[in-house]
Every structure is written in C-alpha cells, then in structure tokens.
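I opened this structure to look up a few sites and write down what I found. The entries follow the order in which I went through them.

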Amino acid sequence: MRMSRQIPFRKLKVVIMFCACLFTMFVLWSSTGHKPGIYTIPSNKYYEGILRHEETFKMELKTQSKKQDEFVCNEIVPFKNISSGTISTYDLPLETDYSLDSDGRYKLPEEVLQAKSTDDEIQVILVPFSHTDPGYGQTVENYYTGSTKHVLDNMVDFLTKHRNMTFQWVETVFLERWFRDITEETKQKVRKLISQGQLEVVLGGWVMPDEAITHYAPVVDQLIEGHQWLIENLGVFPVNAWINDPFGYSSTMPYLWKSSGIQNMVILRIHQAIKHTLMRKRSLDFMWRPYWDSEGRNDILCNLMPYTEYWNSKVCGPDSRVCKKFNFLHLRSYNQDNVKPVSQDNIESLATELYKAYTFTASLYKYNSLIIFLGEDNSYSTTQSWADTYENYGKLMTYINSKSEWKMKIKFGTIKDYFENIRKEEKTKLQSAFPVLSGDFFPYSEKENDYWTGYFTTRPWIKRLTREVEPLVRAGDKFSVILYNTCIVSKGCTGIKDVYSSILSELRSARRHVGIFQHHDGITGTSLPFVVNDYELRLMSAFKSAQKALTLAVSLIVSDANVKEQFALGDNNDKLGARNILTPKIYRLKNRKLKLYVVNPLEKARKGVVSFYTDKNELTISDVISHQIGEPTSSRFKRFNLVTIFVDLSPFEIKMVQVEAKGDGTNRSPYFEDTVKSSGDSTEIITIENKYMKVEFYSINGSLKSIADSSGRKTDITCSFLKYKPVKSGAYLFGPGGPAKPITELPQPEVSVSTGPVHSQVTVSYKSGFTQRWILYHTDDITGHTLHVRQEITLELEPRLVESEVILRFKTDIDNKDLFFTDQNGFQLIGRKNNKDRPIETNYYPITTMAILEDSTKRLTLHSAQSHGVASLEDGWLEVMLDRNMNHDDQKGLGMGAPERVASLSEFMLQIEYKNVPSKIQEVRYTHESVSSIILNEQLQNKLQLFSVEQHNDKFIHGFELGQKPLPCDVSIVGLRNLVTNDLDYTGTSLVVHRKPVHCEFPTNVSTCSLSNGPLTLNDVRFGLDTNVLENNVTETSLSHIHRIGKTKLSDDVRPKVNEMRAFLLKPEPP
C-alpha cells in the first residue's frame, strides 16, 4: 500500500516566502526595466517571438553599456555547449545508410517500414497548389500568359463558388503581373478569399529563391519587395512558407524568414538518405535553429515532406503506383497513368488504398496530423482540373470520414491549418517538444547517388553578371536615399520631383529584375537556353536602370540639384552585353583635361583603387594617393593606356578628381615596367612584394609558389588549372569520371611581371583563352594584405575542352584535417567535412563569398566575387570549379545539358592570416570571420564607382561628404532604400543592418573602422538628415517592414545582436 506524504508546515512556509520574493522581484523589474507600453504589434499570435527578442536585446544592451570601450570579438562556443540534444546536420552522415535498393532508391530503414500507426485519430489536410516557376521551360511572361493567368483566374471563380475548397500561392511576381490585368471587382474577391481562409499566400517573396548560391542581400531585397506589395494590395502578411523546389537548403534562409514574421515552413529537397535518418528519429517536424543561437530565439518550425517529389502522383505514400491513381488533375487530358474517376464501383477499393497510404505516411511523423499537397507544375490551369480534383477527392473524403473505425478525418485546408494542429498537439503532450535541428541540407541527392552539385557553377557568366548588377542597385538605392534626405527633405528641393520619380522607377525595375533572377531556376543556370537569354536581357536591363539611377543621383548631389540631365555624368562601367566581360571605359582627353567623380558606396571609410582607359601617356591627377599608367589588359584596348588611381574616401563620399595630360605624350609616367620571364629554368623565381607581403611564382609557368608576411612567416601554396571529365554531369548534377587531370591542351604560357607605384602584377597568358592575373597592391591599408586574383577563361578557343569541367586547385601546407568552411549566402560560415569514402561530387559545396582552410597556426581565406562550387579533397587543398560545359542531359527535367562555352571572369582574393597564439579548432560546425576578412570581403562585393563629367562642366565644382560616423567594423548596411507604393509615392525609408561575429584568434589591425562595444545610434548615422526631422519618426520593424516592433529613439543603440539583423522604418518629416 502506497502512503501519501504530507508536506511539513516549515517547508510550506519556505515555499510561500520564496514565491513572495519572486513576486516582489517581478514588480521591481517591471517598474524599472520592462516597459510594455512602447511596443505595438499586429494582432498576430505567431509573431510574439520578435517581441521577446526585442525585450531581451534591450536588457542585454544595458549590461553591455558598462563595457562600451572594450574591444569586441566573439568566442566560438562549442556546439555541444550551446544545444545539448540538438540534431546537427554536420553529424547526420555518420548515422546515415547510403545504400541503394534495386531501383536505385535510397533504402528506407527497416524500423521505418515496420513503424506502427497511432491509435489516435489522424487529421489529414489536403492543400491544392500550383508550382509556378518565373522562368525554366518558358520565360516569365510566357508562363504567365500560357498558364499562370489561367490558374489564378480559375482559382477566383472556383473558390468563390466552393466555400470548402482551398488553395495556396507563393510567388508575388505573378500576383503583381496578374493584378495589372484584372478588374477591381476580381481584386476584392481575392482579398475576400484570403480573409475567409480559403487562399493562403505563403512565403510571399518576389520569387522562391535558390538557397545555395544567392547572396543574402538581394534575397532580403526581393523579400521586402514581395511583402510590401502584398501589404499594399492584399493587406496580408505571410506567416507560413512553402519552399518545395530549391535543390538543397541553406541555414541562412530560415533565419531570414523568421525575421520577417514567418513562423512555420515546409521543405522537400534534402538528401533522401539523410531524410530517412530523420524518419528514424521521428524528426520530420523540427525546430530549425542557427548553430550560433543558444536560446532558440530564432527557431522556426519546419515540416519536411517525406518522399522525393512534390507532384500529386508521388506524395500520398511510398508507392507511386498507388499515388498515381489519385492524380485527378489529368483525368481528362494527358492521362498517361490511366486515372479513373471515383465511382460507386471503385470507391471502396480506392478509399482503402488511399487510407493505407495516408496511414503509413502519418506513421513517419510524431504528431497526429498529416499534410498532403495536391498539385504540380502549372496545375489547375483548366476549369476541369479544379472540378475533377474537388469532386473526386470530395467523394473519397466523405467515404473515409464516415469510417469511424479508420480514425481518419480528411479536409481541404492550408499550411496554416496543419501547423496550428501540431502546435496545439505539442502543447498537450507531457514531456514532449519539437526536436531541434541546426545546420543546412547540402548536398542534395534524391536517388542513384546523383548529386546536385554541378549547378553551383553552371553557366558561370550569368552568375557573375548578377553580382555585377546587385552592387549597382544597392549603390543606387543608398544614394537615392541620401539625395532625398539632403535635398528634398532638408532643403525642400521641389524642382527635382520628376527626375527623382524616374530614379525610383528605374531602381524598382532593376530590383525586380534582379529579384526574378534569384529564382531557383534562374541564378542556378538550370533553364532552357532561350529562357537564359531572357534572364540575360532582364539583368542587362537592370544593369542599365541601376546605372541610370545611380548616375542621376550622384549628378544631383554634387551639382546641388542643378544638373538633371541623364548624360551629364558618364558611368565608367562598360558592359557591351550579358556575355561580355565588364571593362573600364575609354576617355579621350580632347582638351587635355578630365573631371572624374569616385564614389564610395560603403558606410565605412576605405582606401581603394579604380581604373580607366585614356589615350594619353603622361598625366597629373589631383586628390589621389597615387596613380600609375600601364598596358591594357585586352587587345580591344591596345591603343590605349590603363590608368589606375588609389584614393582615400570617407563613408558615402563622392570625391572629385582632376586629370590633366602633360608632356608631349612620348613618356609614360608614372612608369609601369613590363618584363617577360621566359628563360625556361624551372627553378627560376619571380617575386612581387609590398611592405606586408612577399609572393613568389615559378617563372616557367607563372604558378604560385609561396606567400610570406612581413614577419617572415611563410605559407607554401601552388595553383594549377585542371579538368574533370563529365560522365553523369549535367546542368544540375556533377558526376565526374574520376579525379581531375592536368589540362594538357594548354600550351606553355607567356609570363610577365609588372610593377608600379599602385600595384605589382604577374600575368599568365595562354593562347587557348586562359588568362590569370595576380595583383599585389602597394597600399598602407588592408588592401595590401591580400593577393588579388583574376581569371579570364573561355572554353571556346580550344575544341578539345568541349565536355570539360575546369577547376582551379590550390595546394598548401595547411593541415586542415579534412575540415574546411564555406560561407552560406554571404551571411555566415559553416563547417564542411571531406569524406574520402564517398564520391568526389558528394564533397562539393556552394560558396557565395568565401571558403576557408585552417589549422592550429593559420588560416587561408579565398574571397570570391561570384558564386562557385568548391571542395577540399585532400588536406591543404582547396579547389574552385570555374566553368563547365556538357551536352549530356542528367535526366533532372531540363531535357538537355549546358553546352555553352562563354568567356567568363572570376575574381578572388587570397588572404593568409596567422593566429595570435597557436590553437586547435574548437568547433567544426561553424566559425567566424576575422575582422580584416569582413572588411576585405565587403569591399570586394561593393567596389568603388567612377563617373566622368560629360556636360555642364561648370556646374560640377566640388565633391560630397556626408560627414557621417563610420559604422563599426562588424556592422554593415544590408539595405538602405526608399519604399514606394504602386504609384511611386514615398512611404518610408528602409534600413536593414547586420552585425557579423568577429573571430578572437586573429589580428585586428584595421584602421578604417573600430570594434569598440560602444553604442551605435541614429544620431551617428542619419544619412544626411537633421535630428529634428527624425525625432519620433523611426520605428523598428520585422525584416520586411510588415510588422511593427516599437518606436526607436535617436539615442537608442541600433546595433543588432551578434550574428543577427535589425530593420527600421524611417519617415523623416521636413521641418
């Protein structure tokens, strides 16, 4: 007999006293620190996380203020100390069985096949959808006119007539296009369907972006563009995301979605064998958490679809032969699966099969709700497909729901319904919580050891093009804001209204074209050739629009709004076409004088270089640190001289530079010497150096030999071109026939060395179309601490390079022990393990901005100005895939290979840093950049812009300085732009800032910015505004500005927490 225990009275008194103390502490805390009255947010229970984040952050700032003058770096906390029990995708391969069954599929684990179904009732949510790609097999416009318009038209008609039918939509780009065609009455019907819960807009960005090779800044931009359109036109903000089609998933994107107010998401395309491991763990619903988040503040609930496809015929269960019977979309057309309508004769057998399939699929999940998606690409474009799906599933629902012994209820619904169900159930389960997962899902493979790692590099010229356009758009946005603030707000400039509207229109057009290209079949290079051509036209249009906007903004700023003509200033960027390499322009000094403006688009001071061509040999140049005149880099400019100037600029400065020809043109001054080294001696060495670095090359082939710093510490490093022979490779897949081999087709190169006051350069030129330039700058700032590398290659000149995948491989003495790091979308760094037991293609990963090798004493960072696939197949190796062409169709949907052979430019920086004290790598799953790495990469991604005065020379008499305090080294502006309505009416200024973590083990000798822990306020960064026009007009918001967090005072610290971003909406009012 079990006796009950009574609580002694003295213990009860202790408990009462303790509770009283807690209550008193809470009252005191509430009266001093916590002020809930300053927050107002929409009535949205899903958005409570951002409020908690802000409260926590403001409390942390109070404790930080005591240490404002201390140097800030960020310790890398071992993952096991951050999240005990959390699933790490870095470790999942060790638990995963990669074996295949007889059909080439990754084997389902036996314990999954034998899983028992629940005794509780299963709620099944059926979600009709249409996956609409903004470019792939058709162009964006062709998809719209051919199918998407009809899908949306039929959606409104059918949902309006059938109150229990539902639908979901993702891409705002198509909604915006559709809204230009439909009546106001139809628009009102759409809004009503949303308010009734029949139509759910999910994710809601301009597109569903790729997650491997996109940079996070344009991803944020297209998210803002989409969400702002939704708020203005539909009054809706997405809470859920459906992300079914990217070829692998980044750990950056969940953070962006959560920061915008999205609380739940659904994904599909992860490695199927890894997915099976998560099935064994009953972890297909999980909280996705960044590695660096120790509190779970950024958790987003994620549902992982269990099978390999999202198409209607492959989602009900593990046997697609069963699922095909329920693809009623094609009942009346293209009925290749011979689908039969539901009738009295077959309803029992069909319902039984569907019930069993749903029961098995539900057993893979921890909770008693199941979501099934009904649709495919461009589905529901006919009225019959709507009716057939609704009527036949309706019959099956009625039958199954009536079978009480089956314990299953099915209905049409939305993603919102599913997540509400499982969140509610999770709260009722004792000692239960959603599992937590950290990491990413690359590489992707769905079957047959096919690895989708080729698209990291496919069609590299267009990947490079978008990275040339993106910084132009960002610069145009920033200087349009500065123009608005300094002229329209502060000075009441009324005469530039029309030209300013044209600036905003050009920027919106450019931004939307760039946004479309972030799509997972755009930037990936995995579309049909004529669609690629359409993307090229869009990006070139964006390039020209951004050029025009930036040029007009700069012209108005430096002329005090006196020059409004588009061509008064000329842009130095010369881009003849999408497949032409960007070059500087040629300036002919007809009257022996030239006036230039150098523009710093960054919020930090910097010293940097910019180049242009001229027809004069001897020049004097004012207001620069130094300059040099050299030989052209292309035969196209053989009659001209390449002038490089080195300038010093404050944040957002526009510096005027005067150029004047002197002498009779017979001398080149400053002299730039070219010396060809071709003795044939394999031991002969070429050396270039500055006061920070000494770099050695083999003279016989120009190959890199070593890099030493000013202290004599040396790193052995060689570099060579090699090629893989594609076997399984296609537009998506990388599948070589063996290890990379030397490119014997390359003849002996011509090697030359050049030196001058601005830089030294080693040029390696091959007649077959490969050119390699190694540049070392003679500067006294951070630019001189890195070796710049430019690769111009074309596979067109050498026929034997057809069907080749060309790489650049560095071999170093770094003992990285099969560990390397890659960036994720330029936002963070994540660890990668080289698995020598697996095929080469499984060890390739995407980079957007950098890759890192590191050991106990030093680190090599390869900074990249464009996206690539990379690998570290042996200790000390780092290879980058530069280009690839193949005719083979990899059977992943495109129907062809990627055969183009187009000249492409790849730009890198090699940075070697030595640790302050030798130390082993403490955490393999993630790491931080050094402070110098942050600054160097920021400058690489945002180059100086150069303009020439073409008209009204007398009105351009000075430069421009904003007079703004430089941002701290670890804080950057992700976006600064004016938000506008459909009619281009100003609604506020968007400011998004990011704070990167700084590695503690590397030197911090950066002179252009600080790393103190002092506050950063809007009094410091007002972007040309007076304090009186900003006071009480700044609001902190969610990332895409659709949720309001609270008012921000000008004295408040606006820095984000380390690793994170904050967004603000500024609405300055003229005095």
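Entry 1, a helix residue. I started with Asn233, which sits in helix α8 (residues 216-234). The model is predicted, and I read everything below with that in mind. Is Asn233 buried or exposed? Its relative accessible area is 9%, under the 20% limit, so I put Asn233 down as buried. I then asked which residues Asn233 touches beyond its neighbours within four places in sequence, and found Phe179, Arg191 and Asn982. With Asn982 there is also a polar contact, side chain to side chain, at 2.8 Å.

I counted 14 cavities of 30 Å³ or more in the structure. The largest cavity has a volume of about 260 Å³. Its lining consists of 21 residues, and those closest to its centre are His215, Tyr216, Glu938, Asn942 and Ser972. I noted α8, α15, α18 and β43 as the elements that each give two or more residues to this lining. By class, the lining of the largest cavity holds 8 nonpolar, 7 polar and 6 charged residues.

How many of the residues of α18 (residues 931-941) are buried? The count is 11 of the 11, so the helix is largely enclosed by the rest of the structure. Glu938, one of the residues closest to the centre of the largest cavity, is among the buried residues of α18. The cover over the buried residues of α18 includes α15 (460-489), β17 (606-614), β36, β37 (858-864), β40 (904-914) and β43 (971-980).

Entry 4, the sheet with β17. I followed β17 from the cover of α18 to its own sheet. This is an open sheet of 4 strands in the order β15-β17-β20-β19, with mixed pairing. β15 (586-587) and β19 (626-630) are the edge strands, each pairing on one side only. β17 pairs with strand β20 (residues 641-649) in the antiparallel sense, over 9 bridges.

Strand β36 (residues 850-854) pairs with β33 over 2 bridges in the antiparallel sense, and Phe821 stands opposite Ile852 in β36. β33 (residues 819-824) is mostly covered, with 6 of its 6 residues buried. β33 also runs antiparallel to strand β34 (residues 828-833), joined to that strand by 6 bridges. There I found Thr822 opposite Ile830 in β34. β33 and β34 form a hairpin with 3 residues between them, and Asn825 in the turn has a positive phi of about 60 degrees.

Helix α10 (residues 272-280) is mostly covered, with 8 of its 9 residues buried. Lys275 and His276 are among the buried residues of α10. What covers the buried residues of α10 includes β1 (87-88), α4 (110-113), β8 (300-304) and β11 (436-438). Just after α10, Arg282 takes a positive phi of about 50 degrees. Arg282 is in contact with Tyr365, as are Leu284, Asp285, Asn303, Leu304, Met305, Pro306, Leu370 and Tyr418, neighbours within four places in sequence left aside. Where is Tyr365 placed? Tyr365 is in the loop between α12 (347-363) and β9. At 4% relative accessibility, Tyr365 counts as buried. I also checked the separation from Phe326: 39 residues in sequence and 22 Å in space, C-alpha to C-alpha.

Entry 7, the second largest pocket. Its volume is about 1100 Å³. Of its 45 lining residues, Tyr310, Trp311, His330, Glu376 and Asp377 are the closest to its centre. The elements giving two or more residues to this lining are α5 (140-161), β9 (369-377) and α13 (383-402). Which element gives the most to the lining of the second largest pocket? α13 does, with 3 residues. I recorded this lining as 12 nonpolar, 17 polar and 16 charged residues.

Notes. Residues numbered from 1 in each chain as written. Predicted model: local features only at pLDDT ≥ 70, side-chain atom pairs only at ≥ 80, totals over all residues. Heavy atoms only, no water. 1 Å grid on protein atoms, 1.4 Å probe; cavity = no way out; pocket = protein on both sides within 12 Å on 5 of 7 lines; lining within 4 Å. Points joined across faces, edges and corners; volume = space filled by probe spheres on them. Nonpolar A, V, L, I, M, F, W, Y, C, P; charged D, E, K, R; others polar. Buried < 20%, exposed > 50% of the residue type's maximum accessible area, 1.4 Å probe, protein only. Contact = heavy atoms within 4.5 Å. Pairing = 2+ DSSP bridges. Polar contact = N/O pair within 3.5 Å; in protein donor to acceptor, adjacent residues only side chain to side chain.
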